[in-house]
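Please read them with the sequence and the 3D view open.

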Amino acid sequence: MIPRPEYSYALVARRVVGFALVALLLSGCSLFAASGPPWVEMHPTIHPLQHGVSFLAAYDAATRQVVLYGGGTIVATGTQTWTWNGKRWTELHPAVHPPRHQEAVMAYDAQTKNCVLVVPLATLANFPYRYRPIVQHMRSRKAISAFLEQLYAKTRTWTWNGTSWTELHPSANPPASYGASMAYDAATGDVVFAGRSGDGFETWTWNGVNWTQQHPTKSPSARALFAMAYDPQVREVLLFGGVRGDYFGAPVFGDTWAWNGSTWMRLHPFASPPARYLASMAFDPKIRELVLFGGTSSTSSAAGPQRVFGDTWAWNGANWIRLHPSVSPPARSGASMAYDAATKSLVLFGGLGAYHSLSDTWSLRIATGSPRHVGRTQ
């Protein structure tokens, strides 16, 4: 007869704990991921007002300030330029500014020490609100749709040098793309533009003089409103999530991709945030990880009611880690976020709550480096 092993409650408990620790190690997590420093709400006496259209944010290393551009309302988008010095917002009034927009994107170019803005030549926001149904109808007419689509597909490139906006005239520009994104790739010294193009996904790079369309062997599926930022720890641009289209019930993504300077790679982390779009993401050199906040889920009835997120996640180069700050901003999507190197903190502004726009300012400051970062094996 083979003796049957006897298990004690203590032995079972030890094995359960052991399996849990192994799972934590395999996922790249640590015990420190369960809690974290709080988000702190700032209370500047003057601040931008957000009324349905998100601002674009970038940290201007040359002036050591966070730059916001855009604003306005869905009815009349704005051309406001603001800066954040760690304590207060200041609205600037340059003599020249880019045209009104709803679909512009912006990133700081460390090579030229300018913020780069790509703005569509024409968007629905350029037309008075009462005429927009007519314009939409015109776009549906075959006789003039080709002309209008060419007009809507064109973009302009502008730069901000800390005091003024200047329009550039490169030989080529990326196409207008709903919900595109941009990030500076320090590994190549180029600004990377990525966005949906019809049923595909296009990638362009800016070298400070001209835009060049890239032809990677692999790309994410067509999508919009995804989060994108550069991770200097692995020297790649990271992309997370997005939505397939701008129609009701469009599929929402929860996948992670990386741009290595020549092609996109689909990553397969052990853990990931729930699928979402309009999330905010920026790299925090204090913890040497990308931080993602908020976003919104699908509005599809099949996927359940829409959910606006208020969670904070960190990407350690191998996996996503859910952080649990003791205080967090209210849930929102489309918030502006950038790392403020002057104050060594992440700055989050505005966004859209479940039923209203937000114009609050939050800061997340982490005092020490994190041991969580794990290099990813290619």
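1. Basis and overall make-up. The model is predicted. The chain has 378 residues, of which 50% count as buried. Its secondary structure consists of 25 strands and 3 helices.

2. Contacts and surface. Taking the contacts in the chain with a separation of 6 or more, 55% are between residues 24 or more positions apart. The accessible surface is about 18000 Å², and carbon and sulfur atoms account for 57% of that surface.

3. The pairing of β7 with β8. Strand β8 covers residues 114–120, and its antiparallel pairing with β7 runs over 5 bridges. Within this pairing, Met-106 of the chain stands opposite Leu-117 in β8.

4. Val-105. This residue is found in strand β7, which spans residues 105–109. Is Val-105 buried or exposed? Its relative accessible area is 6%, and the cut-off for buried is under 20%, so Val-105 is buried. Leaving aside residues up to four places away in sequence, Val-105 touches Leu-56, Val-116, Leu-117, Val-118, Ala-180, Ser-181, Met-182 and Phe-193. The C-alpha atoms of Val-105 and Gly-179 are separated by 8.5 Å, while the two residues are 74 residues apart along the chain.

5. Phe-193 and Trp-211. The structure holds 13 aromatic pairs. In one of them, the ring centres of Phe-193 and Trp-211 are 6.2 Å apart and the planes stand at 75 degrees, so the pair is edge-to-face. Phe-193 belongs to strand β12 (residues 190–197) and Trp-211 to strand β14 (residues 211–214), so the pair ties together parts that are 18 residues apart in sequence. Phe-193 is buried at a relative accessible area of 3%, and Trp-211 also counts as buried, at 3% relative accessibility.

6. Trp-315 and Trp-320. How are the rings of Trp-315 and Trp-320 arranged? Their centres are 5.3 Å apart and their planes are at 55 degrees, so the pair is tilted. Trp-315 counts as buried at 1% relative accessibility, and Trp-320 counts as buried at 1% as well.

7. Thr-256. Strand β17 (residues 252–259) contains Thr-256. With a relative accessible area of 1%, Thr-256 is buried. Which side chain makes a polar contact with the side chain of Thr-256? The partner is the side chain of Trp-320, at 3.0 Å. Thr-256 touches both tryptophans of the previous point, Trp-315 and Trp-320. Not counting residues up to four places away in sequence, other residues that Thr-256 touches include Leu-238, Leu-239, Phe-240, Met-265, Arg-266, Leu-267, Pro-269 and Ser-272.

8. A ring cluster. Phe-55, Trp-84, Trp-89 and Phe-349 are linked into a cluster by ring pairs.

Methods: Residues numbered from 1 in each chain as written. Predicted model: local features only at pLDDT ≥ 70, side-chain atom pairs only at ≥ 80, totals over all residues. Heavy atoms only, no water. Helix = DSSP H or I, 4+ residues; strand = E, 2+ residues; numbered from the N terminus. Buried < 20%, exposed > 50% of the residue type's maximum accessible area, 1.4 Å probe, protein only. Contact = heavy atoms within 4.5 Å. Areas by Shrake-Rupley, 256 points an atom, 1.4 Å probe, with all protein chains shown as cover. Polar contact = N/O pair within 3.5 Å; in protein donor to acceptor, adjacent residues only side chain to side chain. Pairing = 2+ DSSP bridges. Phe/Tyr/Trp six-rings, centres within 6.5 Å; stacked < 30°, edge-to-face > 60°.
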